[in-house]
Amino acid sequence: MIPSFHLQLNEKIERGQAALGQFDGQHTSLACATLAGKVFIHNPHLQSVADSNIAYLNINKRITSLTSGNLAPIRADAKDVLLVGTSTSLQCYDVDSNKDLFFKDLSDGASAITIGAFGSNDKPLAFVGGNCSLQGFDSKGNERFWTVTGDNVSSMFFADVDGDGRQELVVGTDDCDLRVYRNEDVVAEAAEADRFVSLCPLDFSYFGYGLVNGTLGVYDRMDRVWRVKSKHSVCAISAYDMDGDGVPELICGWSNGRVEVRQRDSGALVHRDNLSCPISSILTGDYRGDGKLELIVCGQQGEVRGYLASDSEEPLCAQASLEAELALQAATIAELTQKKQDLSYELGSYQNAKDEDLRASTASDMIPGDTRVDVVIATDKQAASCNLVLSTSHEDAVIRGAVVFGEQVFDEESLFFYPQTLSQQASIPLRPAKDVSVLLMLKVLVGTRSSTSFHVFELEIELPKFAMYAAVEVNSLPTPESNVSFTMNERLPRIANWMENAFHVSCPCGTNPEGFKLHFLCLRTKLPMVIQATVVASTVQMSIRVDDIDVAGEIVTEIASGFGLANLSTIAHFPALMENLKTLLAKVEEYNQSRVHLSAAAADNTNLIKTSLIKAEDFRILGSMPSMRKHYRTLRNLNMDMAADHQKRATNQEELLRCLKEVNQIIQQASRVRVGTFKTQVVQACRAAIKAENMAALHRVIRDGQGPATQQQKAAAEKAAKERL
């Protein structure tokens, strides 16, 4: 990779906070957020005097997100606007006119911003991801969209993920979940092993992702195509057709300053370069105004490099590019030659060891030729674990060790197990942090008690999603008060079969055609759970009694997915959750009032500081030193008061954000126990009830899944039915 240009802007750039935009409607400029709460805008098309092509915008707050785009109806001469997000606000700025278009106070903050048309909105909106929430604003700052997420939003983008010709909003959150939104509905989900750093669309249904733990990969229609992992951190990713073949590559910037170009389909490394500092952002645009799309790489120390695709390289760089490619090929050949030599040496060592083992071993050291290794899943209530029980088919063959591979089950995605005592059986304890269904791959080492070489058996087993729930005896645990109930038009044997596969239990529906009732103990939280199915007429009435609404939501979602239910309405009764929500809303109101009082006190102190400073300077000019010292002492006291008030405001803001996050999570939990349109209704109705400060309506929404309007319609229908009777 040979840069087409190289700049040093001498300003530190926050990670992931740079954007390209045509703020004057014609020329592309670079906007970057600094560590000091400022935004500097570099316009390379102004060359009058040195440094005059850099302008500054003072935000005076820590900037958490930055982007640019067009919020007005699409026109040929439309200008891009600059969107700046902080932990408490969103600012829409017209750079060319040097004015604010709108300013919004955001209680949930703005950790990610993107612009696009979505769902029922035909005009582009500014979508802001914050503290467990997603909001959409139009060009005048009016809220046009709102929904909840599982955790703080770290990255998002628009793309046609499912290939249906419509744009979806793909959101990555800090709870390691990837969600695809169509309107307010979550149409697809995927879980990863760590928090998302960045997401970017490639082409068609492909998109790339980067995680905090150094994982980089590509999805196609929510199916992972490939991934790689590095000891360095992913800083930024983007898409750019570097080789000019019409298929964009995934461009990744790392914390060690390396820039990598990887193929979309295989992840093979095709180009790379190194900056002298960690990467901040990777962008694409016509930065030099020559009509060519460039790859722009920004370093955190202000270094900016541009790259052109191979079919559009300038003549002066053609020879250098060819030499770089030849050097890369030579380095690759040397690396492969060295690897070949290492592998040849290793193969020779294995062959020598094999010959020695064959000469030294006897018939008693070899395991029988028909040895088989079996694996089953069993729960251990005392150890609070789900165990993989391995066993060999011969007593002479013992298990010497095992390696288990599985995503989202182990911290490092694999586990090596070494038994303390050699035996025909071995039990590997598993304690997954989340309820996930994953295919476990095992490599089991089997040998005799005295052998030094082992046979490797490769096995696979499906870990059920709810494997951490152990079946217990009836009435051995108290019955939870909270519950979720709903009706299904399914046959009881099908539901029982689903229970057996999801929970790895035996469901006794054959002995009682009227229904079944199963008791479970969550090995992770020690909470009891009861699932009951009762046949009523031609339907099955389901009841899930558990005090954890997240568990209830997971089960409802799995049931809907397993039976292909597009919409499912439920009745949710969680009294402890409602009490917690009531307390949280009261705290939110209290913190909001405290914020207003503290802001007013800060404004009063600011005025007093201005007055005292003017008086102190006046007395200094007049030569009255005692009066001057008196006013400077007042200034010192006011400054100490301002510092104390600032600490109070910061603490108050942290507590407010924490409470708002819990409120949004409760709304999301209440929506997850429904499916389809009923899920969307809950989110919208909860938002309306909280805005109206109507706790009774909020309680009805969470319990029945219906908004106030639907309740009124239901009451009117009941009244009309009584009148007819």
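Figure 1. The chain has 8 helices and 41 strands. Helices (H or I, at least four residues) and strands (E, at least two) are DSSP runs, numbered from the N terminus. The C-alpha trace spans about 105 × 90 × 60 Å along its principal axes. Because the model is predicted, local features need pLDDT of at least 70 and side-chain atom pairs count only at pLDDT 80 or more, while totals for chains, interfaces and linings use all residues. Residues are numbered from 1 along each chain as its sequence is written, and side-chain values use heavy atoms, leaving out hydrogens and water.

**Figure 2. A four-stranded open sheet.** The strand order is β2-β3-β4-β5, with antiparallel pairing. Strands β2 (18-21) and β5 (54-58) stand at the edges with a single partner each, so one side of each lacks a neighbour in the sheet. Strands pair if DSSP finds at least two bridges between them.

**Figure 3. Strands β3 and β4 side by side.** Strand β3 (residues 29-33) pairs with strand β4 (residues 38-42) in the antiparallel sense, over 4 bridges. L30 stands opposite H42 in β4.

**Figure 4. Helix α4 meets helix α7.** The contact joins M578, L581, K582 and L585 of α4 (residues 575-622) to M695, L698, H699 and I702 of α7 (residues 695-704). Contact means heavy atoms within 4.5 Å.

Methods: Axes are lines fitted to C-alpha atoms, for helices over the stretch in contact, and angles run from 0 to 180 degrees between N-to-C directions.
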